[in-house]
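Reader: I would like to learn how to read a few local features. Please show me the structure.

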Amino acid sequence: MSKTQGKNPRDLRSARWFAPDDLRSFGHRSRLMQMGLGQEDWEGKPFIGILNTWSELNPCHAHFRHRAEDVKRGVLQAGGIPVELPVISVDESFTKPTSMLYRNLLAMEAEEQIRSHPLDGVVLMGGCDKSTPGLVMGALSAGVPMIYLPAGPMLRGNYAGKILGSGSDAWKYWDERRAGNITDAQWHGIETGIARSYGTCMTMGTASTMTAIAEAMGLCLPGASSIPAADSNHIRMSAACGRRIVEMVWEDLTPDKIVTDASIRNAAIVAMATGCSTNAVVHLLAMARRGKVALDLEDLDALGRVTPLIANVRPSGKDYLMEDFYYAGGLRALMSRLSDRLDLGVITVTGRTLGETLEGAEIYNDDVIRPLSNPVYHEGSLAVLRGNLCPDGAVIKPAACDQRFQYHEGPALVFDSYPEMKAAVDDENLDVTPDHVLVLRNAGPLGGPGFPEWGMLPIPKALIKQGHRDMLRISDARMSGTSYGACVLHVAPESHIGGPLALLRTGDIVRLDIPGRRLDMLVDEAELEARRAAWVAPKPPYERGYGWMFSRHVTQADKGCDFDFLTAAFGPAAGEPDI
Ligand code: FES
Ligand code: MG
């Protein structure tokens, strides 16, 4: 055990609960004893909270029930006392209307669980999309030493000898089914083969993007985010998280020493180089604001322009999945390729610098982790657009769309609701051309509600039958990290609060210019003014409960969609509980 750098057991945060000779502490100690613990189990030892997002409705975290035991083993080995606390699971698979509605709830729960309990350090167990930013946001605000344990990607999908990728292949084969190209039996076979083990989506979707970001921020053990969930290395990594967090407590290695301007910038560069999910934008902005780091859309666009996409992992890459990425060397290998661009002096949870943790990293497959001289795409994965349709920004993933959309002009086909749009795209007689621009509004943080992943709007059946598989689509929604296509997302301000997207009409000409980073509707200002005057605000989606609080306090996409009262700028964090 390394108690070298400082902390005396009497100075442990948990000692305030258990050490004093007073009635309050008598109560606390007697309640530990009620659970069968003796003084020797806890005295002088750090209490390590294991914040576990396990749930039987979260297939991505199915193994966390067991992994928590491995973390405990590590904590005990290092002389700590492990305590497991459940927090909301925020699963991507089943949560309606969208898991994004609950990211901030997880963040609040994580922060308050940590603050209100006798915890000296925490292991955060997450991985499925929103669970990473939710846990990290909460733990950053709570401020005790923390380490992030990523769930790891599931195994590659397989059907009839073909590799299947989470999400991406579901969309792809669904279009083939709509075109009448595959049978019901084949469709069922794909269903049974696309998710073969526990773990997160194994494309470079939101889950793998966000765990890569957590590692690049310095919050994971080196290489942890790339280990497949079903690999025994994942079990050993879990125990190692338990051992390491105990040392971090003695070293007083709090997250403010790890999450800095430089580490957030490193994370953004790594995200761009991996071909990250567009969701990374919203989550990076939110995490940065919790870490008191000024980061905005322009910073991300600037990094996107100069960072080549080198992870050849679907959906932005062509051929490979996360399992291949791990065998090719994983995130350490990718970061070693970027070492000239990263700040290698930042401290990570290891207590060592990022540079030190990358020493000896090797690339075992140059086609999966490409050299900078042979990237998948010459720029990073994201571009930020501005224009009269999105004065506060919008994002697009240029690498994941047909290159003819770099510059495009076409008439808008506008829908106010998802059901209305769905009925239209399923109509084989819909009057639509490949140049049309499909638009969905009322799908933003407030309008969705909760900012659903509807942004990869389905291609109209009429075009599918003609062989088209991409068209320009615009919405104030997000899209799944496993999605692809010419989809402009996160249009801000959103239409529900009267953003300019609310004024667009079917037939208006829309112009997209990706190199110029512009998105405009070619409608003159006097006409827009008349439309603005006639616009009627829609009814708020919630009148009570969590949804009501969400609608009152969520910020727009360009601010990260955190609650206004949770960002570091809102005010100082609550002090320690008065016990
Ligand atoms: Fe959990 Fe994709 S559904 S990571
Ligand atoms: Mg997803």
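Reader: In which sense do strand β13 and β14 pair, and over how many bridges?

Author: This is a predicted model: local features need pLDDT of at least 70, side-chain atom pairs count only at pLDDT 80 or more, and totals for chains, interfaces and linings use all residues. Residues are numbered from 1 along each chain as its sequence is written, with chains lettered from A and ligands numbered from 1 in the order in which they are written. Strands (E, at least two residues) are DSSP runs, numbered from the N terminus, as are helices (H or I, at least four). Two strands pair if DSSP finds at least two bridges between them. Here β13 (residues 509-513) and β14 pair in the antiparallel sense over four bridges. Arg-511 stands opposite Asp-520 in β14. Four residues lie between the strands of this hairpin, where Arg-517 takes a positive phi near 55 degrees.

Reader: Which side chains of strand β14 point to one face and are buried?

Author: In a regular strand the side chains alternate between the two faces of the sheet. In β14 (residues 518-521), Leu-519 and Met-521 point to one face and are buried.

Reader: Where is Ala-151 found?

Author: Ala-151 sits in the loop between β4 (146-150) and β5 (157-159). Ala-151 counts as buried because 29 other C-beta atoms lie within 10 Å. Its C-alpha atom is separated by 6.0 Å from that of Gly-199, 48 residues apart along the chain.

Note on methods:
Buried ≥ 20, exposed ≤ 12 C-beta atoms within 10 Å, placed from the backbone.
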